[in-house]
Amino acid sequence: MKKFISWFVQSWRASRQWRIFTYSIFALFYGLEILIQVLDRVYFNAAPFPIAAVGVTVFYFVVATPIAYAMRNNP
Amino acid sequence: MQQILTVIGLASLAAPLVWELHNDRFGDDHLSRGVFKVMSKRLDVWTRVVIAVLVSLINHYIAGASIVASIILSGAIHFFIFDYAIAALLGRSNWFEYLGEKSIVDNVSFWRGISPEARFVIRLLVLALALVIYF
């Protein structure tokens, strides 16, 4: 248990930039989804586009995973 | 169907980024441009612009998106991802701090002087603005 906690703390500290990068993108897409849905409902009555679902999926598989794979020996 | 076309159109806006990553995969110092015996930097930029305009026209045709907004979003995607992706591709350990040496933006002293986190926030804001303009 002690080993696991120290491993977890160490990885958490080492991955700080990666967490900033990934979670900011997630937050951006979900935030935009809310903003655009509200604006569309209030002003345009337009058909919604699931920007968060599409954006996060595309980002995760097309951007984050290849970068993480390329960085696997260079954290 | 319309939403699938919208997604395809959006994904195609990353074409300049993909092309530039492929072009710079061994670094940007070489002059391996085949028949084009011109300064590589200038040719790189213009090829990117041409690809961006082409995919924006396609996007306008298949998804009905604005051409200008598409070009802006395409540039913002490139601006946001390129430095991180190329640093990872070239195997640099400092992927979050990495900056190119030759481009104009990378040599503005303000841009070089601020912290990597601040650069990331600026990139993120540019992408957010482009997405808001696009949608």
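**The interface and the pockets**

Tutor: Start with the polar contacts. Across the interface of chain B and chain A, the rule finds 2 residue pairs in polar contact, both at pLDDT 80 or more. Keep in mind that this is a predicted model. On the chain B side, α1, α4 and α6 each supply at least two of the residues that touch chain A. α6(B) gives the most to that side, with 7 residues. By class, the side of chain B that touches chain A has 17 nonpolar, 4 polar and 3 charged residues.

Now the extent. In the contact, 24 residues of chain B meet 23 residues of chain A. The area buried between chain B and chain A is about 2000 Å². Carbon and sulfur atoms give 81% of that area.

Next, charge. Side chains of opposite charge can pair when their charged atoms come close. Across this interface the rule finds 1 salt bridge. The partners are A:R16 and B:E117, with their closest N and O atoms 3.1 Å apart. Over all chains, a search of the whole structure finds 3 salt bridges. The A:R16 pair crosses between chains, from helix α2 of chain A to helix α6 of chain B, where B:E117 sits.

Then the open space. Rolling a probe the size of a water molecule over the atoms shows where empty space is left. Take the second largest pocket, with a volume of about 670 Å³. Its lining has 29 residues, and those nearest its centre are A:V58, A:V62, A:V63, B:A14 and B:I77. Both chains supply elements that give two or more residues to this lining: α2 (16-44) and α3 (51-70) of chain A, with α1 (2-12), α2, α4 and α6 (116-134) of chain B. α3(A) gives the most, with 10 residues. By class, the lining of the second largest pocket has 28 nonpolar residues, 1 polar and no charged.

The volume of the largest pocket is about 820 Å³. There, 32 residues form the lining, and B:K41, B:R48, B:H78, B:F82 and B:S103 lie nearest the centre. In chain B, α2 (15-23), α3 (40-63) and α4 (67-89) each supply at least two residues of this lining. α4(B) gives the most, with 8 residues. The classes in the lining of the largest pocket are 13 nonpolar, 6 polar and 13 charged.

α4(B) supplies at least two residues of the side that touches chain A. α4(B) also gives two or more residues to the lining of the second largest pocket. In the lining of the largest pocket, α4(B) is the top contributor.

Definitions and conventions. Residues numbered from 1 in each chain as written. Chains lettered and ligands numbered in written order. Predicted model: local features only at pLDDT ≥ 70, side-chain atom pairs only at ≥ 80, totals over all residues. Heavy atoms only, no water. 1 Å grid on protein atoms, 1.4 Å probe; cavity = no way out; pocket = protein on both sides within 12 Å on 5 of 7 lines; lining within 4 Å. Points joined across faces, edges and corners; volume = space filled by probe spheres on them. Helix = DSSP H or I, 4+ residues; strand = E, 2+ residues; numbered from the N terminus. Nonpolar A, V, L, I, M, F, W, Y, C, P; charged D, E, K, R; others polar. Contact = heavy atoms within 4.5 Å. Buried area = accessible area lost by both parts, 1.4 Å probe. Salt bridge = Lys/Arg side-chain N within 4 Å of Asp/Glu carboxyl O. Polar contact = N/O pair within 3.5 Å; in protein donor to acceptor, adjacent residues only side chain to side chain.
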